[in-house]
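Have the structure open as you read, and take the points in order.

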Amino acid sequence: LNFARNRNFIERLNQRQRWDAGWCLAVWGLAVAERLRDVLSRIPMESQPPEILLPVVNFAVSSGLLVAILFSFLRVCLSLHILIDDFSSKLVQTSQFVDAVDEWNVIQALLRSSSSGMKFLFLVLQTTILATVTCGVIDFYRVPECQTALCAPAILLAGLARFFLRASTVTDHSERLPSFVNSLSAGPVLQNRMLEDRMFEDRMYLVQYIFYSQAGFYVFETKLTSGILLKTFYILAMALFALVTKVMSES
């Protein structure tokens, strides 16, 4: 907390998280509105009892909790993004490559502790997506009258996919940092040749230190990157295609 306050971190986080907050509210509102429309469309207006809204209220509360968890995850990932951006910005201004090693140790520890604290919830969300998509595909072909009811869960799944993408970009951001540091100069042109060589050695040491630290977003000691995420989506798409083909052949 002191590290964040010294860098004016909290104010920048509050400014940049407004988009995520509005986006989460939009996803939740759209999903609830779609659920309400689907429920009301099943029963004629003149014969609609008050109890018909209970499923909508249940869906609004459960989806609201899910969106709240999603927003907290997005906030953590955004914080990690700002940490790395702040480290890069300060390095450009000061060119203090030796002092940056200790600061990177702090950022690396924050990356590890943050991802470690979210790994179980990450697994739960991933399982939720897989179970929802699998059950939705089965209901889509076996219960045709319930096909429109799947639109609201699909909207929430799209919101969950945003979290996985945001988490993977934290790792991608960290992996691009060594190339960025290597492109930096050692400040103004130095007259002392030995001092200039020393600055270049310090910069190279920092580049290698960041590279071999392998910082990023980890889930059970597995680094989450955009490449792994795309491969996972590809495997899920193939599995869903096989499931749809089997369900259609049996129906």
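1. A quick word on terms: two residues are in contact when heavy atoms of theirs come within 4.5 Å of each other. Keep in mind too that this is a predicted model.

2. Start with the overall layout. The protein is built from nine helices and two strands. Going from the N terminus, the order is α-α-α-α-α-α-α-α-β-β-α, so to find the strands, look just before the last helix, bearing in mind that helices and strands are numbered from the N terminus.

3. Of the 251 residues of the protein, 36% count as buried. The protein exposes about 14,700 Å², with carbon and sulfur atoms supplying 65% of that area. As for contacts between residues at least 6 apart in sequence, 86% of them link residues at least 24 apart.

4. The largest nonpolar core has 48 residues, and the members that touch the most others are Phe87, Leu91, Phe163, Val181, Leu206 and Phe217. Elements giving two or more residues to this core are α3, α4, α5, α6, α7 (177-182) and α8 (193-213). The top contributor is α4, with 13 residues.

5. Which residues is Val181 in contact with, leaving aside its neighbours within four places in sequence? The list is Leu91, Phe97, Arg203, Leu206, Val207 and Ile210.

6. Is Gln108 buried or exposed? Gln108 is buried, because its relative accessible area is 19% and the cut-off for buried is under 20%. Its side chain reaches the backbone oxygen of Ser213 at 3.5 Å. Setting aside neighbours within four places in sequence, Gln108 is in contact with Ser213 and Ala215.

7. On the surface, look for a nonpolar patch made of Leu36, Leu53, Val57, Val61 and Leu65, which together have about 420 Å² of accessible area. Helix α4 (residues 54-94) gives the most to the patch, with three residues. Leu36 sits in helix α3 (residues 18-42) and is partly exposed, at a relative accessible area of 32%.

8. Last, Leu165 in helix α6 (residues 151-175). Leu165 counts as partly exposed because its relative accessibility is 42%.

Methods. Residues numbered from 1 in each chain as written. Predicted model: local features only at pLDDT ≥ 70, side-chain atom pairs only at ≥ 80, totals over all residues. Heavy atoms only, no water. Helix = DSSP H or I, 4+ residues; strand = E, 2+ residues; numbered from the N terminus. Buried < 20%, exposed > 50% of the residue type's maximum accessible area, 1.4 Å probe, protein only. Patch = residues over 30% accessible without salt bridge, like charges linked within 9 Å, V, L, I, M, F, W, Y side chains within 5 Å. Areas by Shrake-Rupley, 256 points an atom, 1.4 Å probe, with all protein chains shown as cover. Salt bridge = Lys/Arg side-chain N within 4 Å of Asp/Glu carboxyl O. Polar contact = N/O pair within 3.5 Å; in protein donor to acceptor, adjacent residues only side chain to side chain. Core = buried A, V, L, I, M, F, W, Y, C linked by side-chain atoms within 4.5 Å.
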